[in-house]
Amino acid sequence: MLPIIPDPFKLVVRQIKTEDGYKADPTALKQLEVIRKLLGQADQVISCTDAGREGELIMRYVLEYLGYHKETKRLWISSMTEKSIREGFDSLKSSKEFDNLYRAAKARRESDWVVGMNASLSLSMAAGKSNYSLGRVQTPALGMICRRYLDNRDFIAKPYYLLQLRTTKAGKELVLTCTGKYDTPEKLDVDRKKVYEETTAKVVQVEKKEVPEEAPLLYDLTALQRSANTKLGLTAEQTLNIAQKLYEGGYISYPRTGCSYITEDIFEQVPSLIGLLKQHPRFTWHAENLCNQPLNRHCVDDSKMTDHHALIITENYPQRLSLDEQNIYSMIAGRMLEAFSGKCLKETVSVQADCNGVLFGIKGSQIKVPGWRGIYNEPSEKEEGSLLPEFQEDEILPVLGIDTLVKKTKPQPIFTEASLLAAMEGCGRTLDDEKEKEAMEDSGLGTPATRAGIIELLIARHYVERNGRSLIPTPKGLEVYDIVKEKMIANVSMTGGWECALHEIETGKVSTETFTQSIIPIPNKSPRNCLP
């Protein structure tokens, strides 16, 4: 009978599947016994897990399972430099100061279990099948994939029309496009007749300005996964596994990070790290050049630090890597060079011309100072045209011809892993409730460490399949989506409500019981707003 609610929740050692069923993982058991022995010998215990909600929960769970209830101290640092570690040990805190953080983490973990277990069983019982699975993160992610796929599949393209004016300037033929779109041929014909027999057009506006473009921030895991999927075709899980191997080899910092910033003490190491890249075959010149100029500090901000700082290389320069490892290492190294380079300075020019009352325009741009864009010499995604000749207002241009373009509206493209990761990271921006939106500002759907696993889980459940780089829902996935699409468990606002309430548990404004009681009575429902 549903709902199934453990009372109390019990901690068990990680289980692995064997021929005789599920059993405790021998490796985990062995490690726990080592910790139990050390606890018995210790005069004092200092927790050094990640400085965040999940890090606090892991430490408390281990101590609770091993029956250790004495007061402990807490090392609370986000940087792993010697200076930061020493300062952290000089200012240890009592673990009691983090009780509310633990309560929030525990409430989130247990509520996830309650919602996922009961919603999955409810769906399986209703469908008469045993292989359905729902969850607070996987189901909204499935919903995003299905909605985008259905919108794309059912999209009805509508034609629209453009007029183009051909002219010449300084011996170069140019094409100016009308400033508005026409949704019917009849509306287009009205303006086409106005300009059809005209022989000249008059320049009515010339706007020229210099536009500085700030360097990108350092990679966090999600940004790295998106770039690797777009540029290398790697899945999010493959990128994570490669980055983890590089981390274990001592070549990059901790990869499971959602932060794009570093602290001041880490920044002190950056010049020497950039110096290492002088031996990188792709970046030799750029590293030497950057070593001789002031570094851009826009990604240095202690106040924006989370559990772990942004991805950077370490002082250990790799000598032998596989091709995929080389590519991921180079991406992280290249992003470092970009992030600490100066701004790119572009000059943009916008010209409008009037031909018998119909406006036509053309835009161009030129990079004046490459700055960070010089690392890869890549054009901006928003680059429009190229360098234009000099125009003056009121000058007269010859009309060489008028052309008609017929185009069609296009649907949003089906999700790739890169675009889905971006959507999961920024889904809080789509919420209507301002408190929910604020609560999800720095979290999104899932975490950088779990999003790859969510995608793989949807594929393993046969809800989604890869088609090239696209993520396509299966008939089973669409069936599940059709059943749950109106339910809270498929709505991103569920996570928004949770994050809002969990934040209030962390700050002591709401009790754990108030939060869990609002969830447990109806497993597929969560608080829409911050709890009172």
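Where is the place of Trp 113? Select helix α4 (residues 99–127) and you'll find Trp 113 there. Helices here are DSSP runs of H or I with at least four residues, strands are E runs of at least two, and both are numbered from the N terminus.

Before moving on, some housekeeping. This is a predicted model, where local features need pLDDT of at least 70 and side-chain atom pairs count only at pLDDT 80 or more, while totals for chains, interfaces and linings use all residues. Residues are numbered from 1 along each chain as its sequence is written, and side-chain values use heavy atoms, leaving out hydrogens and water.

**Stop 1**

Trp 113 itself is partly exposed, at 34% relative accessible area. In this tour, buried means under 20%, exposed means over 50%, and partly exposed lies in between (1.4 Å probe, protein chains only).

**Stop 2: the seven-stranded sheet**

Now colour the strands in the order β11-β8-β9-β10-β7-β6-β12: that's an open sheet with antiparallel pairing. Strands count as paired if DSSP finds at least two bridges between them. At the edges stand β11 (396–398) and β12 (401–408), each with a single partner strand, so one side of each has no neighbour in the sheet. From one strand to the next, the twist averages 40 degrees.

Zoom in on β7 (residues 172–178) and β10 (residues 358–369), which run antiparallel and are joined by two bridges. Here Cys 178 stands opposite Phe 360 in β10. Next, show helix α6 (residues 185–196), which packs on the sheet and touches β6 (159–169), β9 (344–355), β10 and β12. Contact means heavy atoms within 4.5 Å. The direction of α6 makes about 20 degrees with that of β6; axes are lines fitted to C-alpha atoms, for helices over the stretch in contact, with angles from 0 to 180 degrees between N-to-C directions.

**Stop 3: a hairpin**

Select β13 (residues 464–467) and β14 (residues 470–473), antiparallel strands joined by four bridges. Glu 465 has Ile 472 in β14 as its bridge partner. Two residues sit between the strands, and Gly 468 in this hairpin takes a positive phi near 65 degrees.

**Stop 4: a histidine in a helix**

Pick His 286 in helix α11 (residues 284–290). His 286 is buried, with a relative accessible area of 14%. Apart from neighbours within four places in sequence, His 286 is in contact with Leu 337, Gly 374 and Ile 375.

**Stop 5: salt bridges**

How many salt bridges does the structure hold? There are 29, each a side-chain nitrogen of Lys or Arg within 4 Å of a carboxyl oxygen of Asp or Glu. Glu 506 is partly exposed at 26%, whereas Arg 53 counts as buried at 17%.

Finish by selecting Glu 54, Arg 108, Arg 109, Asp 112 and Arg 136, which are linked in a salt-bridge network.
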